Amino acid sequence: MASDHGEGVNRRKVLECMTWAGTGVLWTVAGGVPRSMGIIGEARAVEPSGLTFLQISDSHVGFDKPANPNALGTLEDAVNKIKTLPVKPSFLIHTGDITHLSKPSEFDDADRIISQTRLDVHYVPGEHDVLDEDVKLYRDRYGRGTKGAGWYIFDANGVHFIGLVNVVNLKAGGLGNLGHEQLEWLEDDLKGRTASTPIVVFAHIPLWSVYPAWGWGTDDAARALGSLKHFGSVTALNGHIHQIMQKVEGNATFHTAMSTAFPQPAPGAAPSPGPMKVAEDKLRSVLGITDVTFKRGQQRLAIIDQPLQR
Amino acid sequence: MGAIKRNVRVAVVLAVAIFAAGAAPAANTEVQIDQFAFVPQRITVKAGATVTWINEDDAPHTVASSDKLFKSKALDTGDKFSFTFTTPGTYAYFCSVHPHMTGAVAVEAAAATDTAR
């Protein structure tokens, strides 16, 4: 409860909280924002009471263009990496763009590979998963127990998880979109919860304005974040932009994951956000998975990004 | 480099289209989808003209009119979508996958050309 008092958190405190994961985590600071490139295979100080889960994103199964002719292969690499983790995560979150073109065969291939982790997987769709008009293909597979286009909640170790959909009914000239119905549902869900409940909210498109000129933001995210304001610990996990970005604002930490398929350019660094071709021997260093650990009593979740290859 | 070449090609296609428009009202026009943009972003055609969009990107896009008059399926690389505009007016459209991508087709009355001749 102590961590919920409104003193705010200074940057030093944030860094302390986020570096707890121990030796060997390589930190870089870009634009004043701490980022970590974690290390796999090294012992990490995870206490038994901690909850560890994994995030993977943007698998784009079916993609076969020069930026990565074998997106299924690199997803398989990610899954193999997950299998060798020293601490078995409790579950997996996939933040969308499972497939490239929403084809049944692509969903089948993705399932075949991801199921090898033998972990429960909590999905939210990316815009590439809902290319069929009525979102039937995604919902038939992953929509059980969800509302609308696939939003839902679940709880684990006292952490409240919220999966949101911001890739349907997009408006001309706009960004990602949650929509009135989903926002009402969210506000209703949060109403009865105590401020000390740690919240993890995940959606495909970033819930903060990363780069609106490329559509990297969500039009009505401010309303969603407004309803999360009084919670002491809020972590927003997103994908879509195929690179790590992090921002801390008040009690909220925003984080985007690497893709398992191909990198995209830094905002404004190229004429468009299209797939970025890197040298073949560098590809796996810009793809990866994200390891998230929650320890009771800590305000921040420890988020560690692990490239497929360093 | 490829983009420049493509833009030249667009210009040629357009020049041909504009030239043809003078001779026959129902000229056809191509719009490239390139680097997450419709190129050219705004075109003017005569009523009866067919506009064809072709996706040159490595990402899928759609062509969806803002007032739901037309909507393509998701176009993969190299896929095309065509629509014939019969009524004068301005038709705004966007990519429903990447809605920051917008474009417009202005359709002029075909009769104006005929009477001018």
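Predicted model: local features only at pLDDT ≥ 70, side-chain atom pairs only at ≥ 80, totals over all residues.
**Around Leu75(A)**

- When residues up to four places away in sequence are left out, Leu75(A) touches Ser59(A), Val61(A), Ala110(A), Ile113(A) and Thr260(A).

**Where the chains meet**

- On the chain B side, 18 residues are in contact with 18 residues of chain A.
- The residues on the side of chain B that touches chain A comprise eight nonpolar, seven polar and three charged ones.

**The make-up of chain B**

- Chain B contains two helices and eight strands, and these follow one another along the sequence in the pattern α-β-β-β-β-β-β-β-β-α.
- Of the 117 residues in chain B, 35% are buried.
- Among the contacts in chain B between residues at least 6 apart in sequence, 48% join residues that are at least 24 apart.

**The sheet of chain B**

- Strands of a sheet pair through backbone hydrogen bonds, and they may do so in either a parallel or an antiparallel way.
- In chain B, four strands form an open sheet with mixed pairing, arranged in the order 3-8-7-5.
- Strand 3 (42-46) and strand 5 (64-65) of chain B are the edge strands, each of which pairs on one side only.
- Strand 7 (residues 89-94) and strand 8 (residues 102-108) of chain B pair in the antiparallel sense over six bridges, and Phe94(B) stands opposite Thr102(B) in strand 8.

Key: Residues numbered from 1 in each chain as written. Chains lettered and ligands numbered in written order. Pairing = 2+ DSSP bridges. Contact = placed C-beta atoms within 7 Å. Nonpolar A, V, L, I, M, F, W, Y, C, P; charged D, E, K, R; others polar. Buried ≥ 20, exposed ≤ 12 C-beta atoms within 10 Å, placed from the backbone.
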